[in-house]
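Please read them with the coordinates open.

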Amino acid sequence: MRISTDSDKCVGAGQCAMFLPDVFDQGDDGVVVLLQEQPSEGKRQDVRTAAALCPSNSIRIVE
Ligand code: SF4
């Protein structure tokens, strides 16, 4: 699994960082900061859930 985030689309809502703070963080401007591009197998489902929670569809997953 590989993750990418689109900082141009991110609206800084923070759901990703609240749900999975070891993978997603936010900068001072609230925009998403990706901490892990390739999270471990055990995080796959949580990453999918975080992507689904994002209101601006800014999280992309390549399996
Ligand atoms: S949930 Fe989406 S909009 Fe909110 S900070 Fe994360 S990537 Fe940005």
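Predicted model: local features only at pLDDT ≥ 70, side-chain atom pairs only at ≥ 80, totals over all residues.

The points below go from the overall fold to single residues.

1. Fold. The protein has two helices and four strands. Read from the N terminus, the order of elements is β-α-β-β-α-β. With a radius of gyration of 10 Å, close to the 11 Å that the globule rule gives for 63 residues, the protein is as compact as a globular protein of that length.

2. Dimensions and contacts. The C-alpha trace spans about 30 × 20 × 15 Å along its principal axes. If contacts are limited to residues at least 6 apart in sequence, 59% of them join residues at least 24 apart.

3. Burial and core. Of the 63 residues, 21% are buried. The largest nonpolar core holds 11 residues: I3, C10, C16, L20, V23, F24, V32, V47, A50, C54 and I59. In soluble globular proteins, nonpolar side chains tend to be buried together.

4. C10. This residue belongs to the largest nonpolar core. Leaving aside residues up to four places away in sequence, C10 touches T5, V31, V32, S56 and S58. Among these partners, V32 is also listed in that core.

5. N57. Which residue has a positive phi although it is not a glycine? It is N57, at about 55°. N57 sits in the loop between α2 (44-53) and β4 (59-62). N57 has 11 other C-beta atoms within 10 Å; the limit for an exposed residue is 12 or fewer, so N57 counts as exposed.

Technical notes. Residues numbered from 1 in each chain as written. Core = buried A, V, L, I, M, F, W, Y, C linked by C-beta atoms within 7 Å. Buried ≥ 20, exposed ≤ 12 C-beta atoms within 10 Å, placed from the backbone. Contact = placed C-beta atoms within 7 Å. Rg over C-alpha atoms; globule rule 2.2 N^0.38 Å.
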